[in-house]
Amino acid sequence: MILACQNVSKSFGDKTILKNINFHIEEKEKIAIVGINGAGKTTLLRCILGEYTPDSGNVVIAKDTHIGYLSQHQDISFDNTVYNEMLEAKKYIIEMGEKINELCEKMKHVSGKELESVMETYNRLQTKFDHENGYAYESEITGVLKGLGFSKSDYDRHINTLSGGQKMRIALGRLLLTRPEIIILDEPTNHLDMSSISWLEGFLSSYSGAVIVVSHDRYFIDKVSTKIVEIDQGESTVYNGNYSFYSEQRAKIRADKMKAYLNQQAEIKHEEAVISKLKQFNREKSIRRAESREKMLDKIERIDKPTEVNAEMRLKLTPITESGEDVLKVTGLSKSFGTNTLFKDLSIDIKRGEHVALIGGNGTGKTTILKMINRMLPKDTGDIQLGSRVKVGYFDQEHHNLSMTKTIFEEISDSFPDMNNTRIRNILAAFLFTGDDVFKPISELSGGERGRISLAKLMLSPANFLILDEPTNHLDIQSKEILEDAIKNYTGTVFYVSHDRFFINKTATRIIELRNKVLTNFKGNYDFYEANRDKLYDLQNKDNENADNNASTTREGFSIVSTSEYAKENTSSKEEYLKSKASYAEQRKKENALKKLEKNIEETENRISEIDEEMNKPENSTNVALLMELQKEKDELDVKLNELYEKWEELQA
């Protein structure tokens, strides 16, 4: 054991933040601390770091344990260049190497006991130098800088000329290079792009020390953590597994807690009714019995109402009308800002019911594409066509669709004038705005609160095609999960940009990656993309650098659509394209067949249930002819249902 929290409690005034927190960390263990905003995660970190003294309980840390900490909010001002700042983290290694060289030189000029002493010191330092990977510290520095998105051209840049996000990455890099026994990171992925996050996941997973992370990035937690510590209503629960395991187990535990809570509430209500009735009898014996029951009731240990019931954002997105099969068709799309060409000749084709995620590095033009589709930015070239009966609902990460001068109530009532006050209040309550909160000016709201207002407007709109730009920004994990369920169950079409890989993994049926100014399609969720991105990207783009600059960057399925000249010179690529296109078409055909089968199965099961109800009606119990007829129909439906299930399993396989 390298660290343990033993019954740690902490209050501020009359507000209790932490109550008897218990968990421990072994060497090399990777844990994530999770909980809703305000649950006390940062308070717990400060107790571990010694910045706060617990009101009761202890934080026990193994002897000679060095802790490295990166907070999400800190003043970073390094009077140094990027590379030299990284060298500072390895200063002790450099000094150790210099000392070893001095001892090596000294051994040439001494003898006897003095030589033995020098050799003993030399051997001790040399062993430590080897253990600390001293000969490879320069490659370690370059590896960390590359992983965090810095190129060699950045090495001589002065840190004070960098952006805030880049400075945070420098602070993270320096911390990782010090290699403490315990690394503590508070929201480490906030300033990283996807490639840097992926690198950090690999680094931390293989790190020789222990790691504690606080993060809302569930995919990151899933990849890194081996243990989850959940803080809920000030108390801790430990789950030995990654985030997916925790999420599944938590749902079961919460369901059990809710069941226990509701059962106890029913028991209490019943007991109170019995006591009230006994008192109404107004007899000596009945009153004594009522008093006895009251004493027993007072001794019951009350179960707290689960968190989700106290603060549940209810979100259901339902398109009022169904669009045509073709929802969006983009061809030849190009955009430049001055001399900076973001992309050119892009094509996108989205069908009804698809949930498509657009991903790519920062600054590649993802949000620009969404804005051009939504007519918020002019395109340089290309054609953007919406299909028949398509109604767009747009979620802007900067919330330009909100008026900063209005209150929350006015924003909804002005946008939907046909709604009465009661309906507006009910909608806002579903998004956690109650009482006088509805009269807060939007200008005073946090990013997460503005996001909830935008989602409320989206829910009320008649849209059947949702275009979302970073919809999970500023949402806590609980709110993200609720939004995920709403998107996952949405029968309309969705096209969105997000850096939230867990959200993408749960909601996307297709991923489009914008990399090196071209688009590549991946038919599947984020796990599929992660496993195949480089292989498929290389396959689709081989020899692309040699192709004519005007070659099309449109893709269907998994393959690149090239110019005719390129196709002639690369027959195998063309055949691969045609083969992939046919495979993609076959896949869509199977998906449609599956949908029809599932609908047929549902209708058959419903009819069997109706027959059972008819047969169980008392008035039909003596009608032998009717019962035989119903039984015959049910037997036929049972056979049909088995056949439908067999076909469904075939298609699934």
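Visitor: How does the lining of the second largest cavity divide by class into nonpolar, polar and charged residues?

Guide: Welcome! The model here is predicted. The second largest cavity has a volume of about 60 Å³, and its lining includes Leu-70, Gln-72 and Asp-186. Sorted by class, that lining comes to five nonpolar, four polar and three charged residues.

Visitor: Which helix gives the most to the lining of the second largest cavity?

Guide: Among the lining residues are Met-168, Arg-169 and Leu-172. Helix α6 spans residues 164-178, and with three residues the top contributor is helix α6.

Visitor: Are helices α2 and α3 roughly parallel or roughly perpendicular to each other?

Guide: Two packed helices are described by the angle between their axes and the distance between the axes. For α2 (residues 82-89) and α3 (residues 91-106), the axes lie 4 Å apart at an angle of about 70°. Angles of 65 to 115 degrees count as roughly perpendicular, so α2 and α3 are roughly perpendicular.

Visitor: Which residues make the contact between α2 and α3?

Guide: By class, the residues of this contact are four nonpolar, no polar and two charged. From α3 come Lys-91, Tyr-92 and Ile-94, and from α2 come Leu-87, Glu-88 and Ala-89.

Visitor: How many residues of helix α12 are buried?

Guide: Buried means under 20% relative accessible area. In α12, buried residues include Lys-366, Leu-370 and Ile-373. Helix α12 is largely enclosed by the rest of the structure, because the buried count among its eight residues is seven.

Visitor: Which residue just after α12 takes a positive phi?

Guide: Helix α12 covers residues 366-373. Just after α12, a phi of about 65° belongs to Arg-375.

Key
Residues are numbered from 1 along each chain as its sequence is written. This is a predicted model: local features need pLDDT of at least 70, side-chain atom pairs count only at pLDDT 80 or more; totals for chains, interfaces and linings use all residues. Side-chain values use heavy atoms; hydrogens and water are left out. On a 1 Å grid over the protein atoms alone, a cavity is a set of points where a 1.4 Å probe fits but cannot get out, and a pocket is an open set with protein on both sides within 12 Å along at least five of seven lines; lining residues have an atom within 4 Å of a point. Grid points are joined across faces, edges and corners, and a volume is the space filled by probe spheres set on the points. Helices (H or I, at least four residues) and strands (E, at least two) are DSSP runs, numbered from the N terminus. Ala, Val, Leu, Ile, Met, Phe, Trp, Tyr, Cys and Pro count as nonpolar, Asp, Glu, Lys and Arg as charged, and the others, Gly among them, as polar. Axes are lines fitted to C-alpha atoms, for helices over the stretch in contact, and angles run from 0 to 180 degrees between N-to-C directions. Angles under 35 degrees count as roughly parallel, over 145 as roughly antiparallel, 65 to 115 as roughly perpendicular and the rest as oblique. Contact means heavy atoms within 4.5 Å. Buried means under 20% relative accessible area, exposed over 50%, partly exposed in between (1.4 Å probe, protein chains only).
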